[in-house]
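Welcome, and please take a moment to look over the fold shown below. The report that follows walks through it step by step, from the overall layout to single residues.

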Amino acid sequence: MYFFIILIYYLHLTKGNALQVKPFMDNKPHGVFATRSPKRPNNIGLSTVKLESINGNIIHISNIDVVDGTPILDIKPYVPQLFEDTLDNDIKIGWFENKYNKAKNQKADGRFVE
């Protein structure tokens with residue numbers, strides 16, 4: 001059985017914001033809200049990660065997509081039952097549909113850190 005948590009964090013290395021960005025896995029501009037770009041209007045990030053273990057006050061996670069040292073603002077439980085009516089449907093993910101299978105093995109290229 002797997003458990004997931006949601007991390008809310010401060011994008012502390014990002015300078016400025018943009019309404020359109022070129023995500024690191026594409027060279028075509030997309031609206032910032034259709035990407036995981038850190039150049040957001042509010043510098044708040046959100047990631048769902050796999051909870052591996054808890055040892056005292058230390059949480060071990062995997063599948064994280066933030067820079068080491070990023071300040072965590074809050075941790076929330078992931079509750080899949082909130083989405084159960086969509087789990088059996090054909091979920092679409094827009095421009096990322098043909099690229100998501102590469103995401104696990106790629107790292108950002110630094111284009112959003114100035």
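The chain has six strands and one helix, where helices (H or I, at least four residues) and strands (E, at least two) are DSSP runs numbered from the N terminus. Along the sequence the pattern reads β-β-β-β-β-β-α. This is a predicted model, in which local features need pLDDT of at least 70, side-chain atom pairs count only at pLDDT 80 or more, and totals for chains, interfaces and linings use all residues. Residues are numbered from 1 along each chain as its sequence is written, and side-chain values use heavy atoms, with hydrogens and water left out.

Of the 114 residues in the chain, 25% are buried; buried means under 20% relative accessible area, exposed over 50%, and partly exposed in between, with a 1.4 Å probe and protein chains only. The accessible surface of the chain is about 8600 Å², and 56% of that surface belongs to carbon and sulfur atoms. Such areas come from the Shrake-Rupley method with a 1.4 Å probe, and for residues only the protein chains shown count as cover. Among contacts between residues at least 6 apart in sequence, 67% join residues at least 24 apart, a contact being heavy atoms within 4.5 Å.

**The sheet**

Four of the strands form an open sheet in the order β5-β4-β1-β6, with antiparallel pairing. Two strands pair if DSSP finds at least two bridges between them. In general, strands of a sheet pair through backbone hydrogen bonds, either parallel or antiparallel. The edges are β5 (58–62) and β6 (72–77), each of which pairs on one side only. On average, neighbouring strands of this sheet are turned by 45° against each other, direction ignored; the angles run from 0 to 180 degrees between N-to-C directions, and the axes are lines fitted to C-alpha atoms, for helices over the stretch in contact.

Strand β1 (residues 3–10) pairs with β4 (residues 44–55) over eight antiparallel bridges. Here Tyr-10 has Ile-44 of β4 as its bridge partner, and Ile-5 stands opposite Val-49 in β4. Strand β1 is also joined to β6 by five bridges, again running antiparallel.

**The core and Leu-7**

Which residues make up the largest nonpolar core? Its six members are Ile-5, Leu-7, Tyr-9, Leu-11, Val-49 and Leu-51. A nonpolar core is a set of buried Ala, Val, Leu, Ile, Met, Phe, Trp, Tyr and Cys residues joined through side-chain atoms within 4.5 Å. Both β1 and β4 supply at least two residues of this core, and β1 gives the most, with three. Apart from its neighbours within four places in sequence, Leu-7 is in contact with residues including Val-49, Ile-61, Ile-72 and Ile-75.

**Ile-8**

Ile-8 also lies in strand β1, and it stands opposite Asp-74 in β6. Leaving aside neighbours within four places in sequence, Ile-8 has contacts that include Ile-44, Leu-46, Ile-72 and Lys-76. Ile-8 and Lys-76 are 68 residues apart in sequence, yet their C-alpha atoms are 8.0 Å apart in space.

**An aromatic pair**

How many aromatic pairs does a search of the whole structure find? The search finds one. The ring centres of Phe-4 and Tyr-78 are 6.2 Å apart and their planes meet at 75°, so the pair is edge-to-face. Rings of Phe, Tyr and Trp (its six-membered ring) pair if their centres lie within 6.5 Å; planes under 30 degrees apart count as stacked, over 60 as edge-to-face and the rest as tilted. This pair links distant parts of the chain, with Phe-4 in strand β1 and Tyr-78 in the loop between β6 and α1 (100–103), 74 residues apart.

**Two asparagines with positive phi**

Most residues other than glycine have a negative phi. Asn-43, in the loop between β3 (30–31) and β4, has a positive phi near 55°. Asn-63, in the loop between β5 and β6, has a positive phi of about 65°.

The table gathers the accessibility of residues discussed above.

| Residue | Relative accessibility | Class |
|---|---|---|
| Asn-43 | 14% | buried |
| Asn-63 | 44% | partly exposed |
| Phe-4 | 33% | partly exposed |
| Tyr-78 | 30% | partly exposed |
| Ile-8 | 22% | partly exposed |
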